[in-house]
Structures are given as structure tokens and as C-alpha cells.
Amino acid sequence: MKTAIFKFRLYAAEDTQNSTLAFTNLLAICKEHLADRYEIEVIDVLRQPKRALADGIRMTPTLVKLSPLPTRTIVGTLNQTHRVMVALGIEAIPA
Amino acid sequence: MVCAADFLSNCDGFPRVKPKRLPAIKPSVKAASGVIGFDAMTGGGVPAGRTTLLVGGPGSGKTIFSLQFLVHGARHCKEPGIFVAFEESPTRIAANLEHFGWNIGTLIPKKLAFMDAQPTSDLLHSGDFDLGGMLAALGAQVEKMGAKRVVFDALDVVLSLLPDAAARRREAYGMQEWVLKHKLTCLITAKAGGDDTTSFGLQPYGFMQFMVDCAVMLNHRVIQGVSQRNLRVQKYRGSSFDENEAPFVIGSRGFDVAVTSQLGKTDHKVSSERVTSGVERLDTMLGGGYYRAASVLITGFPGTAKTTLSGAFAEAACDRGERTMFVSFDSDSSEVVRNLSSVGIRLGRHVESGLLRMISARTIVGSAETLLVRIKALAIAHHARCVVIDPVSTLSKAGNELTAHGVAERLIDWCKSDRITLVCTSLLDDTMNQQSGSTPLQISTLADTWIHLNYLLQSGERNRGISIIKSRGTSHSNQVRELILSNTGITLADTYTAGGDVLMGTLRWEKESALQSADLTATAEAKIKRLRLDAEQSELEAQLKSVQTELAAKHVEKSLLAHNTTNRSGDLKRSHAHMRELRGADVSLGVPRKAKRR
């Protein structure tokens, strides 16, 4: 059963191109393959620099998959869809 | 009509503007790096509020330099700093550098902070990214501690993760902008492939050299098995700097860049005070001894008593109560003390009293630069006023030929600025022409006084000769003297020149005795001659006396004769008168003719 809810946290830097791209790419993957089984929390490191410092975020955008375990971290615009999905453990729904 | 001045001012096409006072431009401020030689080279340190790039190969000291910069800022400049580590874990860096005695632990976390920015191995990269997160986090940290300095150690590590050259440029420039905006003094370190940093410009991160305001190259070369480290300031916007490569050493306290005095600082306070050489007659040869803070070079072949002469100087210095350091590259210190005691130079008591520090430098290995740094550190720790280095030619042994001259220069420079009287000996090779007398380090041109010792091989003897080749600012003897070592000390004896040859040893003694006996003979002869002359004189005087006596007798005789004659003529007259009276002749007839004729 594909019931597990995917929880993501995306550390982004305001509306920079890379961060926007990452969010768009992530949203596209989720909508296509996870339907309603996802939650995305976006943290703007420029607004919450202390959070970035505490969480050890150095590069933006950084995507952290919090659940299901194991947690994974991916840095970048997430443009290599297949690679990202494998890394996140998302099974593709055949079109 | 247009006057000439107007014409000139207008010919460039610009309207003539009344000169306005320019707003005061602040000269670029510098942040002291705490690396002494480097601050001297750049006139104060790295540009404050700007970026500086530090490029070097593996093990060239990038991390040490940058951390020294932060520690110095935190401890002495009230400028807290942040160390962003891209390559090594902060705890490891701190542990590695703990042996420099910087006590990093006492500065953390208020004055010094480490930020771990190593890309973790399980991190997955997909697509382009930027360093916004890091800068945001860093900004929070900067605000938290009021940081003024920041170091990005091994920035190339994170830049290499970026997909293309354009992204690398974008991030590097973005970071620089961020640094400038926050008015941070920033040091970026980056690797250069291999040992040669000259090709860094062609490497993927070469653009950073053009981006930053100051670029420093750290080189690490191995020449004939000896490691040589060099630092060079490649560029420095808005400031003059020393452009040459300067050797540096990573010593026990961190970085030590060797630089000679800067222009305008070379005028050390000179002294006309004299210090004794420890040999009385050598002092008179030099017109009173060495100058204080002079550098004296004693050259000679092995066994010409170079060490003895320098030992005499050390003893004399200690006798005056001056702290002295004796560095021997040849023998152990106890050996030196023992050997010198055989010629009446007693250093043992001064070693015991602590005035004299004997250093056996046979065990110190490394480049000439390392040796100089070690000697300097020891001399400073001992508060030495006089330093003996025996022999200084060791500095130029294999692998150090290129740097040794510079080291010798800096040695002399340092001694002068610290007002230390330096005596160094230098070995001359057999291959070198004794007459040309060139020393391996060319130190002879730098030294103030140059004393040359040599052997004279003559009629089966080797005798030591001493001569002063030069002595700046002092009148000095141009004679070769013979150096005689005995158990009472060093004495100098006059030599004799005969037919162009200098006579020493037995020949000198022979000549001396010959002269002495010749002198005796001459004295005796003179005495005899005088006696003879005396005799002749008295003889003549006696003759003169007898003649004078005879003369006196003649006088007497003569006067007697005259007297008699007068008497007789008087008698005659009287008898004539009497006769005339008797005859009754006329008185007017006068004297008879016969009597008159008589």
C-alpha cells in the first residue's frame, strides 16, 4: 500500500532562481507521483538565518525528506527528476 | 584671444571647472594578520573590509596562516572571527593547531567560532545550487558575535560541486559582495595543484585572483631534499607591497615570514662604542676593537683558529657582563668549552653563571631559513647582546645555496636592528682561491669587519697569519701578524718581510735572533769606535796642550829677549852719555850711528 505520507522540508533562499526552480520541480514530482500524500514546509533561510545556522544548512536550495525514514538530503534545483525520485524513494506511477 | 592657460585646460575637451575640495577619501585600512613578516611586507596586513585570497599547494600552510589571522584579530585587535571549514572538521583543525600555543579554546565561542561547512558524503546533488544558505547562517553568526573577520578555508571544495564555471563565478562574486556589504575582512584559501602556484591562474578557480583585492601565494618547494617555503604577495589593490618572494617557516609559534628591513627603516641607530675582540693586539690593529652592533666575519681554512678567535670574543663579552650566545655547528657545546680552555679561554664559568648560552646546532636540520628562525628565537629568549655563529658557512650547505645569501643578509640585518654584535666564522673551501677570499655566502661584502686567517707553509712549518681585510669606519693595520696560540691565550706577533716573503715561526725567530745579535755587534762596535775616538781626542788634546805650553814658553822667552834688548840699549845710551860726559861732547849730537843701527 502506498499510504505513507512524505514530509519534505525545503530550505530556500527567498525567491532566487535556484530555490524557485527546486520548489517547482519538487511540486511537480509530488503532484504527479504522490497525489495527496505529501507535505512541504518551506524555510526561507534569509528570513530565518538562525534556523539555517542551527540546522547546518550551507547550500540552498536544500531539500530534506523527513519521513518516511531514512531521511535524505538533496542539494540543488532537483532537475534530474529520475535521480531525485530514486533518492527519495518515490515510486513512479505509470502514466 | 584665449590665454595659454585657458587653452591648455580646455584642450582635453572638458569645461574648466573651479577646483573643488574632494571629499576626504579614507586611505585603505589594514587588518594586522599577526604574521609578523607578512605585515611588514604589506605595510600593515591584509586589506580591512575586503577579500584576500591565499593560494597554496598541499601543506603550504594556508590553514595555519588563516587561523593565525583570526586568533590575532580575536586576541589583539578586538575583532572576533569566524572560521568556515569546507574541507576539514573544525575540531580537527583546532586540535592540529593547538601545539602553536594559541589557546584557541579560550577564545571559543565569543571571540572565535568555527562553522562546519563540509559537504557530507551522503549529500546528493541535483542541479544548480547556491551558497545563500551558508551566507544566511553566517550572517546570523556574524551578528551574534559581532564578527569582523571571516575565513573561508578551502572554498574550492564547495565551488567544485557547482555544475558549471558560470555558477562558480556567480557564487564566488556573490560571496564577495556579501562580505563587502557586511564590512568583513575576509580571507579565502584555495588549493593550487602541485607545488607550483604560478599556474593557478589557468586553473578552474583562477578567476578568484582577479576578483579579490589582495592575493597571496604560498609556495612549497623541495630543493635537493631541503624544503623551502616561500610567500609572495601577488597583488594588493591600493597599497604598495614587497613584491619579492619571502621565505617563511612554520615555527613553534606559527607562521614566521622572513623579511629584511623595509625601505626607510634601514637606518639602524649606529654606535661608535667599541667592544673588545678579546685579543689585545687585535684591538690595536683595529684601532680600538669592533664597533658595537657590527658584524664581524672571520674567514679561514680549517684549523686556522677561527673558533678560538670567536671564543676569545665571547669570553671578553661575558667578562663585561654581556649576555652572549655561542652557536656551534661543528662541535658539541661542551667540546667547544673544553677545547677553548686549552688556549686559556675559560668559558665554563660563564656557562655556569648563565651569561653564556652555548648552542650546539649540529642537530638542527632544515633549511637555512629554519636555522635563522631558530637562532633568532634562541637569541631573543636569551636576551643576547653578542652572538657568535661558528661557522656561518653551514647555512649554505647542500640545498640551501639559493637562499643562504638572503638568510645571511637577514641575519646581519636582524643583528643590526637589535643592536647585537655578531661574530661569525666562515670556512673557505680549498677550491677557492685564497687570494680572492670569496666566502660561500658573499657575506664578506655585508660584514663590517672581515678578518682573514691563513696558514703560511714555509720551511717545514705551518704558521697562522692574521690580517684585516676590511673594517668599515675604523683605521686598521694593513700588516699581517702572526697568530700564536698558547695555553695562556692568543698573542699576535709582528712578522718580518724579507724579499717579499712574510717570515713566521722559526724563520721569524731566526730573523729576530739574527737581528738581535747584529744589534749586539753593532752596539759593541760603536762602543769600540767611541773609545778609540776618545783616545784620539785626548791624544790630540794632550798634543795641543804641550804645543800651547811650548808656545807660552816661547812667549816668555820672547818677552825676556825683548826686555834684555831694551835694557842693553838703555845701558848703551847711558854709557854713551857717560862717555860723552867724560869726553865733554855736545849732547845734541844724539845717539851715535852704530848704536842707532842696532
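Predicted model: local features only at pLDDT ≥ 70, side-chain atom pairs only at ≥ 80, totals over all residues.
## A covered strand in chain B

In β19(B), Thr421(B), Val423(B), Thr425(B) and Leu427(B) face one way while Leu422(B), Cys424(B) and Ser426(B) face the other, and all of them are buried.

Leu422(B) turns up in both pairings: it stands opposite Ser295(B), and it is the bridge partner of Val387(B).

## The nonpolar core

Val387(B) shows up again in the largest nonpolar core, which has 155 residues; along with Val84(B) and Ile188(B), Val387(B) touches the most other members. Domain 1 (30-257) and domain 2 (274-502) of chain B both contribute residues, so this core lies between them. As a rule, nonpolar side chains in soluble globular proteins tend to be buried together.

Take a look around Ile188(B). Leaving aside residues up to four places away in sequence, Ile188(B) touches Thr51(B), Leu53(B), Leu54(B), Phe152(B), Leu155(B), Met208(B) and Val212(B).

## Helix α14 and what follows

Helix α14 of chain B takes in residues 368-382, 15 residues in total, and reaches 21 Å from its first C-alpha to its last, close to the 21 Å expected. Its buried residues include Leu371(B), Leu372(B), Ile375(B) and Ala379(B). Just after α14(B), His383(B) takes a positive phi of about 55°.

## Chain B as a whole

Chain B has 17 helices and 25 strands. Of its 598 residues, 40% are buried. Among contacts in chain B with a separation of 6 or more, 70% are between residues 24 or more positions apart.

## Where chain A meets chain B

In this model, 28 residues of chain A are in contact with 18 residues of chain B. On the chain A side, the elements giving two or more residues are α2 (49-55), β4 (72-75) and α3 (81-88). That side divides into 15 nonpolar, nine polar and four charged residues.

β4(A) and strand β6 (residues 124-125) of chain B run parallel, joined by two bridges. Ile74(A) has Leu124(B) as its bridge partner in β6(B).

Methods
Residues numbered from 1 in each chain as written. Chains lettered and ligands numbered in written order. Core = buried A, V, L, I, M, F, W, Y, C linked by C-beta atoms within 7 Å. Buried ≥ 20, exposed ≤ 12 C-beta atoms within 10 Å, placed from the backbone. Domains from an automatic or database assignment. Contact = placed C-beta atoms within 7 Å. Helix = DSSP H or I, 4+ residues; strand = E, 2+ residues; numbered from the N terminus. Expected span 1.5 Å × (residues − 1). Nonpolar A, V, L, I, M, F, W, Y, C, P; charged D, E, K, R; others polar. Pairing = 2+ DSSP bridges.
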